[in-house]
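Morning, everyone. I have one model to walk through today. Please look at the screen.

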Amino acid sequence: MMKKTDLETMSIDDLWMLHARVNKILSIRIASEKRELEKRLAYLNGGSAAIARETELATRGVVEGKPRRRYPPVLPKYRNPSSPLETWSGRGKQPRWLVAAIKSGRKINDFKIDATGSSKAH
C-alpha cells in the first residue's frame, strides 16, 4: 500500500503511469466480474425459462408431453331459486350463494334440480 504522502511526492509522469496501471488492472477485474455475473444470470434465466416453459405447458393442459384428459360436460345438479341462471354441478368448490344458504339453515337438497328442470339449466 502506498501512503498518501508517497503519492504527493511522486512526479506527474509517475502518477500517470500508476494511473494507467490501476486502470488496466481495474478493467481486467471488471471484465472478469462481468463475465462471472453474465454466467450466473444465464444460469438463472435458464432456470426461469424452464419454469416458464413448464407453466405454459401446464396452462395448455400438457405436462411432460401427455395431453390432459378431456372430461365430458357435466349437467348442473343445483340451482339458485332467487337467480335461476346460477347453477352448480356439484363438483369443485361450492358457490357463494349455496354456502350462504346452507349457513342460513337450508339443506343442499332444497336446491337440487329435478329431472324435468335439468333441461333449463343450460
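How many helices and strands make up the secondary structure of the protein? There are 3 helices and 4 strands. Helices (H or I, at least four residues) and strands (E, at least two) are DSSP runs, numbered from the N terminus. From that end, the order is α-α-β-β-β-β-α.

Some ground rules. This is a predicted model, so to speak of local features we need pLDDT of at least 70, and side-chain atom pairs count only at pLDDT 80 or more, while totals for chains, interfaces and linings use all residues. Residues are numbered from 1 along each chain as its sequence is written, and side-chain values use heavy atoms, with hydrogens and water left out.

Confidence next. pLDDT is the predictor's confidence in each residue, from 0 to 100. The protein has a mean pLDDT of 83, and 76% of its residues reach 70 or more. Contact means heavy atoms within 4.5 Å. Where pLDDT is low, the predicted coordinates should not be read in detail.

Two overall numbers. Of the 122 residues, 12% count as buried. Buried means under 20% relative accessible area, exposed over 50%, partly exposed in between (1.4 Å probe, protein chains only). Take the contacts between residues at least 6 apart in sequence: 31% of them join residues at least 24 apart.

Now to strand S3, residues 78-79, where arginine 79 sits. Arginine 79 is buried yet has no salt bridge. A salt bridge is a side-chain nitrogen of Lys or Arg within 4 Å of a carboxyl oxygen of Asp or Glu. Lys and Arg count as positive, Asp and Glu as negative; His and the chain ends are not counted. Which side chain of opposite charge is nearest to arginine 79? Aspartate 114, 6.3 Å away. A polar atom of the arginine 79 side chain does lie 3.1 Å from the backbone oxygen of proline 84. A polar contact is a pair of N or O atoms within 3.5 Å; within protein, one must be able to donate a hydrogen and the other to accept it, and residues adjacent in sequence count only if both atoms are side-chain atoms.

Is serine 89 buried or exposed? Buried, because its relative accessible area is 19%. Its side chain has a polar atom 3.3 Å from the backbone nitrogen of arginine 91. Beyond neighbours within four places in sequence, serine 89 is in contact with Val74, Leu75, Pro76 and Lys77.

Glycine 90 is in that loop between S4 and H3 too. Glycine 90 is partly exposed, at 36%.

After H3 comes serine 104. Serine 104 counts as exposed, because its relative accessibility is 58%. The serine 104 side chain reaches the backbone oxygen of alanine 101 at 2.7 Å.

Last, the rings. The structure holds 2 aromatic pairs. Rings of Phe, Tyr and Trp (its six-membered ring) pair if their centres lie within 6.5 Å; planes under 30 degrees apart count as stacked, over 60 as edge-to-face and the rest as tilted. Tryptophan 97 and phenylalanine 111 have ring centres 5.7 Å apart and planes at 70°, so they are edge-to-face. Both are buried.
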